[in-house]
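Hello,

Here is the structure you are taking over. Please look through it first, then read the notes below.

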Amino acid sequence: MNQWEALASDFADRVAEMTGQHLDFTLASLAILDDLLDEWLHLSQVYGSERPDDLSRLVLPLVAYVGETLRHAYGGTWIERPSGPVLRIAQTIELDLRPLVQATLAQQHPPAFARLAAALDRELEDRLGE
């Protein structure tokens with residue numbers, strides 16, 4: 001088990017303990033994750049005193065879980081770069097998930113990991129059809 005698999009598995013276990021929701025590394029679990037994140041982000045604003053809670057500790061676990069879920073669905077490998085991990089799928093698509101996760105946690109846009117998977121699915125279908 002590589003470090004990203006281990007981190008993703010640990011994250012899924014902690015989510016199950018905290019919420020009772022089981023993240024099982026299927027694409028359907030990304031919609032569950034989106035809903036959980038939406039709730040957590042809302043709660044961090046409501047109960048975070050003058051400023052929202054800092055959720056930055058979730059960046060790498062989220063990168064790991066989303067990346068491992070996509071890797072399980074589409075294959076691929078992790079590539080370590082100085083800027084952080086990148087998931088390479090189908091030898092032509094490289095996903096740097098960290099900016100998307102950071103923007104989500106900073107509430108710059110709503111959680112959309114299920115939509116990311118759907119877009120990736122369409123992209124892979126288009127490439128295979130060429």
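Helices and strands are DSSP runs, numbered from the N terminus, a helix having at least four residues and a strand at least two. The model is a predicted one.

The volume of the largest pocket is about 210 Å³. Ten residues line it, and M18, W40, L55, R57 and L58 are the closest to its centre. Two elements, α1 (3-19) and α2 (27-46), each give two or more residues to this lining. The most comes from α1, which supplies four residues. Sorted by class, the lining holds six nonpolar residues, three charged ones and one polar one.

**Aromatic rings**

A pair of aromatic rings is described by how far apart the centres are and by the angle between the planes. The model has three aromatic pairs. In one of them, the ring centres of F25 and Y65 are 4.7 Å apart.

**Sheet**

Strands of a sheet pair through backbone hydrogen bonds, and they may do so in a parallel or an antiparallel way. Here three strands make an open sheet with antiparallel pairing, in the order β1-β2-β3. β1 (77-81) and β3 (93-95) are the edge strands, each of them pairing on one side only. From one strand to the next the twist averages 30°. Between β1 and β2 (residues 84-89) there are five bridges, and these two strands run antiparallel. Within this pair, I79 is opposite V86 of β2.

Most residues other than glycine have a negative phi. Which kind of phi does F25 have, positive or negative? F25 has a positive phi, about 65°, and is not a glycine. Q91, also not a glycine, has a positive phi of about 60°. Q91 lies in the loop between β2 and β3.

Are these residues buried or exposed? The relative accessibility of F25 is 18%, and the cut-off for buried is under 20%, so F25 counts as buried. Q91 has a relative accessible area of 64%; exposed means over 50%, so Q91 is exposed.

Regards

Key: Residues are numbered from 1 along each chain as its sequence is written. This is a predicted model: local features need pLDDT of at least 70, side-chain atom pairs count only at pLDDT 80 or more; totals for chains, interfaces and linings use all residues. Side-chain values use heavy atoms; hydrogens and water are left out. On a 1 Å grid over the protein atoms alone, a cavity is a set of points where a 1.4 Å probe fits but cannot get out, and a pocket is an open set with protein on both sides within 12 Å along at least five of seven lines; lining residues have an atom within 4 Å of a point. Grid points are joined across faces, edges and corners, and a volume is the space filled by probe spheres set on the points. Ala, Val, Leu, Ile, Met, Phe, Trp, Tyr, Cys and Pro count as nonpolar, Asp, Glu, Lys and Arg as charged, and the others, Gly among them, as polar. Rings of Phe, Tyr and Trp (its six-membered ring) pair if their centres lie within 6.5 Å; planes under 30 degrees apart count as stacked, over 60 as edge-to-face and the rest as tilted. Two strands pair if DSSP finds at least two bridges between them. Axes are lines fitted to C-alpha atoms, for helices over the stretch in contact, and angles run from 0 to 180 degrees between N-to-C directions. Buried means under 20% relative accessible area, exposed over 50%, partly exposed in between (1.4 Å probe, protein chains only).
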